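Please open the model in a viewer and follow the stops below in order. Each stop names a selection and then describes what is found there.

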Amino acid sequence: MKQSLLILFSLILSTGSVFAQNIVTGVVKGANNVNIPGATITVRGANIATVTDANGAFTIDAKQQPPFYIRISYVGYKPQDFQILKLQDTPVELTLVEDTQLDEIVVTSRRRSEVLQDVPIPITVIGGQAAENAGAFNVNRLKELVPSVQLYASNARNTTLNIRGLGSTFGLTNDGIDPGVGFYVDGVYHARPAATSTDFLDIEQIEVIRGPQGTLFGKNTTAGAFNITTTKPTQTPTAKVEMSVGNYNFLQAKASVSGGLAKNLAAKISLSGTQRDGTIWNTREERRYSGQNNLGFKGQLYFTPSDKLKILLSGDVSVQHPAGYPLVIAGVATTERSAYRQYARIISDLGYQQPKIDPFSREINTNTPWKHNQSIGGISLNVDYKIGNGTLTSTTAWRFWNWDPTNDRDFSELSALTKSQGNSRHDQYSQEIRYAGNITEKLSGVIGIFALAQDLKGLDQTEEVGKDQWRFVQTSNTGTQALYSTPGLLDGFGIKTNSTIKSLSAAVFGQVDWEVVEHLHVLPGLRFTYDKKDVDYNRNTYGGLQTADATLLALKAAVYSNQQFNTSTNNNNLSGNITLSYRPTPRLNAYGTFSTAYKPVGVNVGGLPTTSTGAADLSLAVVKPEYVEHYELGVKTKPFKGAILNVTAFNTDIKDYQTNVQSPQLGVNRGYLANAEKVNVKGLEIDGTYQLERFLSLNAALSYLEGKYVTFTNAPLPLEETGHTETINGVATQVAFKDASGGRLPGISKWNISGGSEFSTPGNLATKAGRYFIAGDVSYRSDYSSNATPSAVLNVAGYALFNARLGFRSEKFSAFIWSRNIGDKNYYEQLQAAAGNSGLYAGVLGDPRTYGATLRFSF
């Protein structure tokens, strides 16, 4: 690989044509007419570059006749293009504009380039450099910067990415449901939530768009979207290297090389690697878990044969082989089951001691190794062609995901639920074609078509129990139940599941922006969607005691049984929105939106509950689609120079909300999907920024959310109510469900706050001119429910995290030290009941305090 990179870099440096000398001399100035040393000057469209000297002066041979453009860039200033119309003997004086105009951030959330404050949509924008500086090298870290984002993950597959508490089911992932938050990278939709776990590569900008956006994006986005753009290859040879080291043997390296291969053809190669020791110690295996071991690669070719046509071919792959992400035992709750079925009694009968309830000792003693290997990547082709006052864009992509895990789902030294392996293979093919631009002086918009085909396979997905499981399923020690103690009955007994979901989603969408009278804009949008899913599910038992005894076979079947079903479902939907936007001055943009949205029909591939005859309950095989009604009022303001203040209030009602149910039945311990009749989420968001020249920047955001089940009459029992009995027709009957109407939705904190500041001052480090800086940020989330049904024990306490960094940066070099979670706060990200609902529950721990140093070089 090293030789290949050297060869490529040499090729880039040697590429170019020889022209006659055409010398340009000049001086680069900045604020207060001060000369800028170390600014980079490049000739646009050629492999020619230089830097200004200590007096801000430069000389460059453009090797072409005027007119041509040169680009000048320097940290803290906007990159600017200057046209050279003629060569002259006297130096040209070029003045840069400081990069302090936060209101001029350009976004593509409406599929065309627009100034952020002009867009009547609540959007948070994070620059790639800002994300890197804050240590946000993947989506999971961004939730500390954007209060409206919730991301909870016990591993890459079991990832919940929500905006305003909506989007995906909370807890264990069921592959049969589509996410409600769109995740796009360079226009390509990523269908699997595992994409959020990969490291960022050459990110230019991240836009977090809140609220339904189905009339702007190809895939349904009922809760919002992440719109991520990466930096494109350049004709000018450039290279960037970054190295970070930290405690827990943290080591991260990133590198990219870009340059011209031929006229109008540029290439870029980017590499990243992240390693870190685990933060959780397994006392039985004497090894660490919850570490990082990531490798990423991205290659791009950028062909620009004319000003009208741009073609970008991209390929990427990310491979992750961490030791695994175990949950730690967080507590034992008393359930409403009989004393014989309480967790303490069960493990005592098995000869074990009560587990140590000390989660923040970060120790486990599980007896099955944890493994969470995955590879994810793909190829895409983006073609942009300017037609009239707009651009026709085609995005074609194929992506894959391979998932190879091992989990110990009893979370302990017991040989109970010893193995859980949800091996998966996913392929997706997508095509989007859209046209966006100005139709007339008063009318602009976007129209497009989108198609997505997915093939998701569960490959020998395994669940296996061990020698201790008999006591967890035994309801008493009399009668037939006493036979569960038959030696070897359940040892190595399990199921292997092979399933396939073939899905097709197609849509036509469009939205226009019409200035009906001066300053008043009307923005109607419409979307038609068709979805189809075909499921083939086949589960077979294996192992355990081989016997012909009908009674023993019946006991085994009560733990695991064969199950097979096929189902096919489809649905179509017409949805849309309308927005009114009033922009009387450049400092004010007030808007209101009403929209309807739709999340596709779902299917269950985690095993179905059974009927009284033991057959799969096919009435639960298909999960009804969600239907959304959304209202929003917002105002974007620029109250004074350098300041931005935005406020948004919203109300979202969802009919047939798709939720994840954790069944007490062992054979479906991965959970299945169901519909809550109606939920409501409403809230208020406030965010602001302030930039005082180049010296001080401040940002703060607040989100107040209320999310509840308006109606959920058939919710699963919370852990502590497992075994609950009610008198039905005069008979005490054990029930498995309850009315959770009025209860709060999982994963939603009522208060979410983030803020940050940076102070910098000019200075020199050795011979390099730049700026010294000190920066910090804080995030706070109040408590939230960590269970589908509100529970007295499965609640995560609120927590605050503090991060800071201190260092020096210049145009070509940066060095700083950093620390995350400076206060070493102990906190959970998630709590969940162990399979079988015996009373044990476990938690996903947040990272402890980490610290380190980062060096960056660019050439």
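Is Tyr784 buried or exposed? In this predicted model, Tyr784 is buried, because its relative accessible area is 0%, and the cut-off for a buried residue is under 20%.

The structure holds 21 aromatic pairs, and Tyr152 and Tyr784 form one that is tilted, with 5.1 Å centre to centre and 40 degrees between the planes. This pair links distant parts of the chain: Tyr152 belongs to strand β11 (residues 149-153) and Tyr784 to strand β47 (residues 784-785), 632 residues apart.

For a further group of rings, select Tyr184, Tyr189 and Phe217, which ring pairs link into a cluster.

Now select β24, β52 and β51. These 3 strands form an open sheet in the order β24-β52-β51, with antiparallel pairing. β24 (328-332) and β51 (828-833) stand at the edges with a single partner strand each, so one side of each has no neighbour in the sheet. From one strand to the next, the twist averages 30 degrees. β51 pairs with β52 (residues 840-845) over 5 bridges, and Leu831 stands opposite Gly843 in β52.

Finally, turn to the surface and select Tyr385, Ile387, Leu392, Ile433, Ile449, Val508, Leu526, Phe528 and Leu574. Together they form a nonpolar patch with about 780 Å² of accessible area. The elements giving two or more residues to the nonpolar patch are β26 (371-387) and β32 (520-542). Leu574, in strand β33 (residues 563-585), is exposed, with a relative accessible area of 58%.

Methods:
Residues numbered from 1 in each chain as written. Predicted model: local features only at pLDDT ≥ 70, side-chain atom pairs only at ≥ 80, totals over all residues. Heavy atoms only, no water. Patch = residues over 30% accessible without salt bridge, like charges linked within 9 Å, V, L, I, M, F, W, Y side chains within 5 Å. Areas by Shrake-Rupley, 256 points an atom, 1.4 Å probe, with all protein chains shown as cover. Salt bridge = Lys/Arg side-chain N within 4 Å of Asp/Glu carboxyl O. Helix = DSSP H or I, 4+ residues; strand = E, 2+ residues; numbered from the N terminus. Buried < 20%, exposed > 50% of the residue type's maximum accessible area, 1.4 Å probe, protein only. Pairing = 2+ DSSP bridges. Axes fitted to C-alpha atoms, helices over the stretch in contact; angles between N-to-C directions. Phe/Tyr/Trp six-rings, centres within 6.5 Å; stacked < 30°, edge-to-face > 60°.
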